[in-house]
Amino acid sequence: MRTRFIFIIVIIIILQETKDASAAVLAAALRSLSAGDSLAAVSASLDQHLTELVDGVDRGDRAGAARAAKAVADDSNQAIAIAKAIAEVSEDPVVAELILQAASDLAQLQPQLVASTKAGLTGDPAAIKRLHDDAALMREANAHLRDAATLTPAELLRKRTQELQDELRRLEEAVNNADLQAAARHLKAARDLIAEQIALATALAENCDDPVRKKQLEDAIARLRELEAQLVPLAKVIS
């Protein structure tokens, strides 16, 4: 029995040392990467540590959850710092503003995740669900920051357009199901994406040398603005 216990302890120590060694490899690699590549690597690490955090809370593993929570905080702070550095040297003010906004959004989620982690460790099912939701929000914010800092304006516009289509579909489903809470959440997400899409498209229009294509883009932007305004009454109804 004692031998088995010692064996388990040794395995746990080896696993933790392996995690630490893996983190050291990442840290060393980041020093050799460009800012964009560094952010992508830290972003992937943040996603992994969020998974470990949720898994730890689900298992009631306080020590594991605490380690993962610290790693999440470190990754978030590092991602925000790298993103701000990228924004400072960006030649496109629209992109720089989107990066800074995405960094701010990620930072604002940190206290919320800490609180839901502590609550989740009590074992309360509702608190654990809230942690899952908050971790999902942080993953989304992490992805938005990574995209804003690493994609070109055209690539980012293409991705945000698809995300908007998805959010509008989810919004329609929530309205059909009379789920006002979900509808309010998806409506806010959709309006945020519309604002970002308009900002990106406007910047592209300003740099377009073809007068015909520029006019087509400006007309499309104007139409999207009109439709966004029509969503305002809906926000008041479901809020």
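The protein has eight helices and zero strands, where helices (H or I, at least four residues) and strands (E, at least two) are DSSP runs numbered from the N terminus. This is a predicted model, in which local features need pLDDT of at least 70 and side-chain atom pairs count only at pLDDT 80 or more, while totals for chains, interfaces and linings use all residues. Residues are numbered from 1 along each chain as its sequence is written, and side-chain values use heavy atoms, with hydrogens and water left out.

Me: What pLDDT does the protein average?
Reply: pLDDT is the predictor's confidence in each residue, from 0 to 100. In this protein, 85% of the residues score at least 70. The average pLDDT is 85.

Me: Which residues have the most contacts inside the largest nonpolar core?
Reply: A nonpolar core is a set of buried Ala, Val, Leu, Ile, Met, Phe, Trp, Tyr and Cys residues joined through side-chain atoms within 4.5 Å. Buried means under 20% relative accessible area, exposed over 50%, and partly exposed in between (1.4 Å probe, protein chains only). The largest such core has 53 residues, and those with the most contacts inside it are Ile99, Leu113 and Leu145.

Me: Which helix gives the largest share of this core?
Reply: The elements that give two or more residues to the core include helix 2 (35-59), helix 5 (125-150) and helix 7 (180-206). The largest share, 10 residues, comes from helix 7.

Me: Are helix 2 and helix 5 roughly parallel or antiparallel?
Reply: Their axes come within 10 Å and cross at roughly 175 degrees. Axes are lines fitted to C-alpha atoms, for helices over the stretch in contact, and angles run from 0 to 180 degrees between N-to-C directions. Angles under 35 degrees count as roughly parallel, over 145 as roughly antiparallel, 65 to 115 as roughly perpendicular and the rest as oblique. Helix 2 and helix 5 are therefore roughly antiparallel.
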